[in-house]
Amino acid sequence: MQSVTTFAALLAVAVLLVPLFKRAGLGTVLGYLVAGVLIGPWGFGLVSDPDNLLHTAELGVVLLLFVIGLELQPSRLWALRKPVFGLGALQFFGVGALLIGVARLFGIPWPAAILAGLGLALSSTAFVLPTLSERGELRSRYGRETFAMLLFQDLMVIPLLAILPLLGGRAEGGVSPLIGLVVLGVVVAIGRPVLNQVFRHVAKVDSREMFTAAALAVALGLALLMQGAGLSMSLGAFVAGVLLSDSDFRHELEGAIAPFQGLLMGLFFIAVGMGMDLGLIARHPVDIAAITLGLLLIKGLGLYGLRRLVGGKPRVARMEALALAQCGEFAFVLFGAGAGDILPGNLTGKLTLAVALSMTIAPLLFILGDRINRREDANAPDPEPDEMPSDASPVVIAGFGRVGQIVGRMLRVRGVAFTALDIDQDRIDTVRRFGSVAYYGNAAHLEVLDAAQVKEAKVLVLAIDDVECSLRCAELVRRHFPQVQIIARAKDRFHAYRLMDVGVSHIMRETFRSSVVMGRQVFEALGKAPDAASRVAERFATHDEDLLRRQQALYHDENQLIASARESYKELALLLEQELVAAHSDSDDVSPPPKRA
């Protein structure tokens with residue numbers, strides 16, 4: 001009963017705290033750590049023996065490495081080989097060497113210095129990737145390079161676990177590492193065809209429960225095999241994932257494992273939080289603060305310097321350094337495995353606490369980077385626009401992203417000249433490599449529009465993503481070049497209303513037409529005749545376009561807008577019902593074709 005109570009307390013505290021931390025931008029990992037502190041010996045004392053929980057929760061790390069192995073397809077690694085093995089190696093070994101050197105300066109023995117330095121060089125994949133995704137920066141230059149460096153770090157976890165016996169740590173079960181390497185070689189040689197046969201057999205049963213059981217059995221089975229051979233369980237799970245990374249079952253396996261991996265990883269961080277000796281802060285506040293701040297400075301400044309040394313732009317290098325300055329979750333695993341044998345117990349406690357504190361500070365580093373970027377943008381003069389072509393074009397495209405490029409490709413195929421403007425230099429460089437021509441310039445500035453000779457154009461394609469910038473451009477063109485016809489992209493209904501306010505009449509909502517086509521396909525999938533489905537879709541589109549123009553005068557008054565929307569639903573339902581009845585009548589009137597003799 002006590003174990004059930006403990007498990008219920010763990011889940012309750014996690015469910016209460018983790019969403020709060022994620023909503024505050026502090027990350028789920030920190031939420032789990034704080035939950036562990038609250039229910040552990042240093043909090044309410046609901047759990048007095050965190051070590052037992054930690055042994056169970058370590059299965060979360062095992063399953064995480066299985067999922068990482070599944071993601072590491074050889075083809076994907078080969079495509080990313082330059083940033084992963086170039087920048088990744090630069091970050092890991094460069095920062096690791098700096099940390100090892102600092103550890104040696106403080107008199108830490110070589111084995112402990114190597115383990116501490118390389119373990120602390122790792123950053124938190126579980127924190128950084130979700131943060132970049134939430135900020136919409138995974139596709140940015142620094143986001144892509146940060147992802148590559150994290151991927152290399154994930155690859156390095158396995159060698160770090162493998163060299164623990166060489167640094168003085170105990171081999172699993174007292175087995176010689178040589179035997180472990182032989183077992184590993186055999187598994188790699190024969191594992192892929194054997195595992196594929198196993199899952200083909202399981203797939204014939206057509207049972208999701210059996211597939212999940214098989215995935216867990218393979219991951220944990222190879223983990224236990226490697227542990228018995230003197231290597232780590234994490235290495236076995238990772239190898240199992242890599243062997244299955246090119247199989248047809250990869251996505252199904254990832255989906256089957258993910259719920260267990262996520263829950264157990266959460267319990268792992270909770271157990272780490274419960275095991276953190278907060279008394280160290282009271283007994284050694286200066287030491288803990290110095291180690292934590294020292295780690296952030298060494299990792300951050302070290303990566304910034306190395307990235308600038310190989311030609312990285314200052315802003316990209318700074319954001320990468322701030323994103324990866326914190327330490328990662330695998331440091332807990334490495335320090336736990338090396339505690340006592342390689343790392344002295346008091347040093348292990350201080351480093352573990354410093355790792356957790358660095359992860360606590362990590363969200364603030366992103367905020368710091370944003371503030372520095374905003375200050376630079378505010379103080380920096382606007383870059384000079386590119387020199388525009390001397391000949392005027394009949395079409396000017398303002399904003400050469402997803403929408404503008406498609407319009408440009410259509411014009412280019414038909415031989416229609418156009419001038420494309422954009423303020424994203426990386427995007428301009430990319431489209432130039434693919435044979436298109438675009439110019440740097442902010443179309444919301446009159447001098448740029450003059451340089452692009454908009455007054456000589458017949459059409460301005462307004463495809464700017466930023467709503468306010470789009471509206472400023474529309475206002476300038478309507479005021480200074482009223483003879484130019486504007487065909488505008490609107491992000492949503494309210495963007496369309498505001499464009500109509502400044503006199504733009506040709507507006508295309510970016511997801512509207514594709515959504516109408518999807519609706520028509522749904523009707524067809526439900527058994528409606530294609531002609532009838534098309535007529536319903538067109539009637540809906542026509543009605544909604546009319547409604548958009550009627551509601552433009554009301555959108556400032558939310559109550560009137562809601563009332564108008566409700567009334568329009570009734571009107572639209574009646575129109576569509578009439579359309580379906582008419583379509584049905586038309587089909588009844590069509591006589592069947594005569595039979596052949």
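Contact here means that heavy atoms lie within 4.5 Å of each other. The model described is a predicted one, and its secondary structure comprises 26 helices and six strands. Of the 597 residues of the protein, 46% count as buried, and among the contacts with a separation of 6 or more, 73% are accounted for by residues 24 or more positions apart.

**Nonpolar cores**

- The largest nonpolar core has 120 residues, of which I270 and F330 touch the most other members.
- When residues up to four places away in sequence are left out of the count, I270 touches L10, A14, Y32, A35, G36 and I39.

**Packing of α5 against α8**

- Helix α5, which spans residues 81–105, packs with helix α8, spanning residues 141–162, at an angle of about 70 degrees, and their axes are 8 Å apart.
- Because of that angle, α5 is roughly perpendicular to α8.
- The crossing that α5 and α8 form is right-handed.
- On the α5 side the residues in contact are P83, V84, F85, L87, G88, A89, Q91, F92 and F93, and they meet E145, A148, M149, L151, F152, Q153, L155, M156 and L160 in α8.
- Sorted by class, this contact of α5 with α8 consists of 14 nonpolar, three polar and one charged residues.

Definitions and conventions: Residues are numbered from 1 along each chain as its sequence is written. This is a predicted model: local features need pLDDT of at least 70, side-chain atom pairs count only at pLDDT 80 or more; totals for chains, interfaces and linings use all residues. Side-chain values use heavy atoms; hydrogens and water are left out. Axes are lines fitted to C-alpha atoms, for helices over the stretch in contact, and angles run from 0 to 180 degrees between N-to-C directions. Helices (H or I, at least four residues) and strands (E, at least two) are DSSP runs, numbered from the N terminus. Angles under 35 degrees count as roughly parallel, over 145 as roughly antiparallel, 65 to 115 as roughly perpendicular and the rest as oblique. A crossing is left-handed if the near helix is turned anticlockwise from the far one by less than a right angle, and right-handed if clockwise. Ala, Val, Leu, Ile, Met, Phe, Trp, Tyr, Cys and Pro count as nonpolar, Asp, Glu, Lys and Arg as charged, and the others, Gly among them, as polar. A nonpolar core is a set of buried Ala, Val, Leu, Ile, Met, Phe, Trp, Tyr and Cys residues joined through side-chain atoms within 4.5 Å. Buried means under 20% relative accessible area, exposed over 50%, partly exposed in between (1.4 Å probe, protein chains only).
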